[in-house]
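Let's walk through this one together, starting with the whole fold and ending at a single residue.

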Amino acid sequence: MSVIGRIHSFESCGTVDGPGIRFIVFMQGCLMRCKYCHNRDTWDLDDGREVSVEEIMKEVVTYRHFIKASGGGVTASGGEAMLQPEFVRDFFRAAQAEGIHTCLDTNGYIRKHTDIIDEVLDASDLVMLDLKQINDEIHQDLIGVPNKRVLDFARYLHKRGQKTWIRYVVVPGYTDDEDSARRLGEFIKDMDNIEKIEMLPYHQLGAHKWEALGYEYELKDVSPPKKETMEMLKGILEEYGHKVVY
């Protein structure tokens with residue numbers, strides 16, 4: 001029987017969630033509560049719509065030529081994709097059977113490393129892992145949960161030799177300072193599975209979703225980081241031996 005997943009939506013020609021042109025499936029549900037989340041409508045585990053792997057793959061294969069010609073593939077994002085690991089595993093296996101690259105976009109908030117987690121990772125050609133803040137006190141303020149599970153998952157990816165990109169959102173007042181950058185650099189400096197760090201400047205593009213759902217957007221007075229700040233952080237992170245882009 002086909003595994004059924006609950007998704008928020010999909011994007012057929014994404015260009016920012018992995019290499020090349022990508023078919024991105026935004027899974028429904030998330031346990032983090034990021035103050036800057038631009039997909040606030042993906043949090044509820046019971047929202048979205050149910051789909052089968054076969055339904056998604058019928059859509060994917062119609063774009064196969066463009067995806068493969070660009071060096072792209074499929075990405076499972078969210079919400080948080082690893083809340084539905086069986087669906088992601090089967091989706092990725094089906095994509096790989098068609099010769100299509102697979103990318104797992106995850107916040108790493110993994111409750112325990114069961115066999116299904118390894119099965120998803122075995123079917124993932126690339127993992128994009130959000131490391132939001134190494135300082136746990138700031139992490140809990142900004143994200144709403146401790147970072148221990150995330151850091152443990154990052155260490156596990158290194159142990160596996162899993163090809164990984166790190167994503168770091170630069171939020172003024174929370175993650176844009178030298179100490180935060182150096183903590184990140186120290187944490188990942190010996191992780192040779194990491195291909196690069198993507199610094200993502202904070203933006204307010206999802207603020208309207210909070211308002212539409214009747215929630216307060218706490219960062220409404222926070223502006224995107226200046227280029228000088230991005231350059232400063234890039235320089236610091238590069239000291240630790242990794243390629244850094246933004």
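This is a predicted model: local features need pLDDT of at least 70, side-chain atom pairs count only at pLDDT 80 or more; totals for chains, interfaces and linings use all residues.

Residues are numbered from 1 along each chain as its sequence is written, and side-chain values use heavy atoms, with hydrogens and water left out.

The protein has nine helices and nine strands, assigned as DSSP runs (H or I, at least four residues, for helices; E, at least two, for strands) and numbered from the N terminus. Its C-alpha atoms fill a box of roughly 50 × 45 × 35 Å along the principal axes. Contacts here mean heavy atoms within 4.5 Å; of those between residues at least 6 apart in sequence, 73% join residues at least 24 apart.

How much of the chain is buried? The figure is 51% of the 246 residues, with buried meaning under 20% relative accessible area (1.4 Å probe, protein chains only). As for charge, there are 31 positive and 42 negative side chains, counting Lys and Arg as positive and Asp and Glu as negative, without His or the chain ends.

Now zoom in on Asn 135, in the loop between strand E6 (126-130) and helix H5 (136-143). Asn 135 counts as buried because its relative accessibility is 15%. Its side chain reaches the backbone nitrogen of Glu 137 at 3.0 Å. Setting aside neighbours within four places in sequence, Asn 135 is in contact with Asn 147 and Arg 183.

How values were computed:
Buried means under 20% relative accessible area, exposed over 50%, partly exposed in between (1.4 Å probe, protein chains only). The place of a charge is taken as NZ of Lys, CZ of Arg, CG of Asp or CD of Glu. A polar contact is a pair of N or O atoms within 3.5 Å; within protein, one must be able to donate a hydrogen and the other to accept it, and residues adjacent in sequence count only if both atoms are side-chain atoms.
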